[in-house]
Amino acid sequence: MADAVLQQIDTLLDALANLVKEEPDRETFYRCLLERLVSSTTSGGAACWRRRGLADLKPEAVVGCCAQGEMADPRVAGWRRMSAAWVLDRQSARAMGPGVPVASDLSSPNPTNWLLLYVPWTVDESTGGVFELAARPGASADLQNGYLRFMEAVCEIIADYERRALLGELRLVQRHWSRLDDFSRRIHASLDLESVAYAIANEGLRILSCDRVSVLVRRRRRHQVVAISGSESFSRRSNTVRLLERLAEAALAVGEPLWYPTDRELAPQLESPLQEYLDESHARGLGILPLCIERSDGEPGERKIVGGLVVERFFGPADEALRNMTAALTAQSAVAIQNALTLERLPFGQFQRRLAAAAVACQGRRLLGWAAGWAALAALMAVLAWTPADFSVEARGELQPVVMRDLFAPDDAVVSELRAQTGSRVAAQQIVLVLRKPSLELELKRVWGELQTARKRLASVESEQLLNRREDETQRKRYTELTAQQEELRALVASLQTQHEILKHQESELLLRSPIDGELLTWDAEQLLAARPVSRGQALVTVADLSGPWCLELRIPERRIRHLAEAQARGDGPLDVSFALATNPGRVLRAKLDRLAERTEMSELDGAVVLATAAVDADEIPERVPGATVVARIHCGTRSLGYVWFHDLIDALRTWILF
């Protein structure tokens with residue numbers, strides 16, 4: 001009998017070992033393992049708990065009674081997970097009957113009616129688990145030990161499977177990184193933008209195993225298709241390309257990947273072009289991924305979008321595997337596109353590339369190529385050194401009226417009434433805003449009441465004093481007392497009158513008056529301030545004289561101030577300023593720089609800046625909008641064309657050499 005049982009166990013273990021060699025997926029392996037164990041033994045159910053990394057233990061598969069009845073109760077499931085974690089942490093097998101705790105130092109006993117057996121298994125420091133078996137209670141100690149030895153053999157099979165699975169995962173990772181390394185070398189092999197884009201499209205198609213990859217590049221504030229995988233050329237006027245560019249423009253403006261199908265509701269700006277493109281291209285899976293790099297001159301973490309990567313599948317959706325593989329590709333592609341764009345935007349960059357291509361094509365005439373190259377370089381240097389050009393310093397700012405005042409809260413109070421609407425005309429000393437301070441009103445009533453009481457008492461004392469004849473000693477004594485009370489009450493009345501006048505003055509200060517003739521600029525002031533509590537010194541509304549003089553409030557980068565100082569030192573009068581308003585960018589206006597601050601300020605938008613103002617003729621301003629954004633250029637005379645183009649680089653080299 002014992003030999004037959006052992007033979008049956010060996011057969012079962014051999015079958016499980018053969019199951020490992022078949023290398024099924026993890027879900028199939030654990031389900032088949034537990035089903036065979038439960039069907040081949042007298043156990044009622046089984047479960048396998050697994051931990052990967054720092055995650056909690058999770059049931060990989062559960063069969064039999066472990067998946068139903070009292071064992072599925074959340075409280076019991078929590079106790080089972082706690083017991084499995086205890087066994088895994090201490091690498092100690094345990095058998096617990098009903099009412100028996102997993103350890104003597106733990107008071108929580110087995111809450112089920114089953115004999116629960118736990119045996120741990122481990123693969124490495126980060127991967128391990130526990131095999132749980134539910135047997136009928138009442139088993140002897142020898143039978144429990146037999147169960148545990150059998151479960152240890154099963155755990156060795158589980159560990160062998162996990163090692164094989166881990167090895168397979170590592171092979172996949174190694175293959176993935178090898179392909180990414182090859183992808184990176186191919187896309188960085190050239191600095192020609194079109195070559196880089198086609199390398200990204202064709203190599204990305206091979207790695208991602210999709211049907212089409214398109215590359216878009218941001219040019220002139222628009223995203224243009226530069227390369228499509230499998231096509232040496234394409235028509236930019238085709239309906240597919242135009243719809244793709246329109247869709248990419250809307251999707252890349254968000255700055256986040258767009259996947260289709262998606263489980264979230266899309267904005268109308270994305271929904272409409274997406275459906276139009278899908279109808280045209282017949283794609284069943286689509287991903288639009290922004291190619292982003294960190295800005296070299298921006299805040300930490302701020303990103304700049306240089307292009308986009310469009311991944312398409314025509315015979316299936318964009319699954320999770322495809323989405324995970326695109327992350328590394330987009331990072332490398334963004335750097336390659338940025339490098340190519342940087343070279344393309346250099347002065348004479350296209351000429352240099354053509355010259356290099358011509359030199360390669362004419363290898364047999366290398367000397368002539370070198371001579372032509374040096375001659376072109378010399379001519380370029382001469383043009384840069386001797387060609388005069390207008391030198392200007394760029395600054396940003398706002399258009400503001402010169403006469404503009406803010407009304408501040410004189411004390412902590414509550415807005416009671418706004419007597420002027422946004423955009424309305426107000427006169428000097430006109431009441432614009434009425435504030436209330438309940439504590440001040442209460443104090444004013446209290447002082448007024450005390451003042452009236454004191455006055456009545458004083459009148460009573462004076463009346464009694466007049467009626468007192470002072471004929472005997474008692475009347476004369478009373479007269480003296482009344483005189484003292486009269487003086488005391490007069491002092492009290494005077495004090496209360498002074499307090500009342502002070503409080504009335506404070507009450508009158510709650511009536512905010514316009515200091516100038518002008519218009520109320522604060523937008524939607526009634527909605528903003530109605531019944532709103534305000535604090536002392538808080539700016540409430542702004543009044544400005546829009547019919548008076550106007551000026552430009554400019555923020556000049558600190559590193560540019562030297563050029564302005566040199567231009568002013570030449571004594572040619574106020575520097576000319578040309579500027580354009582955001583409200584009318586197509587028209588260039590003129591102004592004169594009249595004031596320049598003598599200290600540096602810190603701006604949240606522009607960093608270290610020096611503030612300046614420029615006088616402008618109000619009659620030339622087409623739209624007088626206070627606070628309108630201004631892009632200005634302060635003209636500092638003429639310099640060589642090379643200095644105008646490369647003065648930033650020259651200043652950087654000077655700083656690097658001297659310091």
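This is a predicted model: local features need pLDDT of at least 70, side-chain atom pairs count only at pLDDT 80 or more; totals for chains, interfaces and linings use all residues.
Two packed helices are described by the angle between their axes and the distance between the axes. Helix α5, which covers residues 193–208, packs with helix α8, residues 320–344, at an angle of about 170°, and their axes are 9 Å apart. Because angles over 145 degrees count as roughly antiparallel, α5 and α8 are therefore described as roughly antiparallel to each other. On the α5 side the contact is made by Leu193, Val196, Ile200, Gly204, Ile207 and Leu208, while the residues contributed by α8 include Leu322, Met325, Leu329, Ile337 and Glu344.

Side chains of opposite charge can pair when their charged atoms come close. Since arginine 50 lies in strand β1 (residues 45–52) and glutamate 60 in strand β2 (residues 58–64), the pair ties together parts that are 10 residues apart in sequence.

Most residues other than glycine have a negative phi, and most peptide bonds are trans. Glutamine 91, in the loop between α3 (74–90) and β3 (94–96), has a positive phi of about 50° although it is not a glycine. The peptide bond from tyrosine 260 to proline 261 is cis, with omega near 0°, and proline 261 is found in the loop between β8 (258–260) and α7 (268–281).

On the surface, Trp370, Trp374, Leu377 and Met381 form a nonpolar patch that together has about 490 Å² of accessible area; methionine 381 has its place in helix α10, residues 366–386.

Terms used
Residues are numbered from 1 along each chain as its sequence is written. Side-chain values use heavy atoms; hydrogens and water are left out. Patches are made of residues with over 30% relative accessible area and no salt bridge: like charges are joined within 9 Å, nonpolar side chains (Val, Leu, Ile, Met, Phe, Trp, Tyr) within 5 Å. Accessible areas come from the Shrake-Rupley method with a 1.4 Å probe; for residues, only the protein chains shown count as cover. A salt bridge is a side-chain nitrogen of Lys or Arg within 4 Å of a carboxyl oxygen of Asp or Glu. Helices (H or I, at least four residues) and strands (E, at least two) are DSSP runs, numbered from the N terminus. Axes are lines fitted to C-alpha atoms, for helices over the stretch in contact, and angles run from 0 to 180 degrees between N-to-C directions. Angles under 35 degrees count as roughly parallel, over 145 as roughly antiparallel, 65 to 115 as roughly perpendicular and the rest as oblique. Contact means heavy atoms within 4.5 Å.
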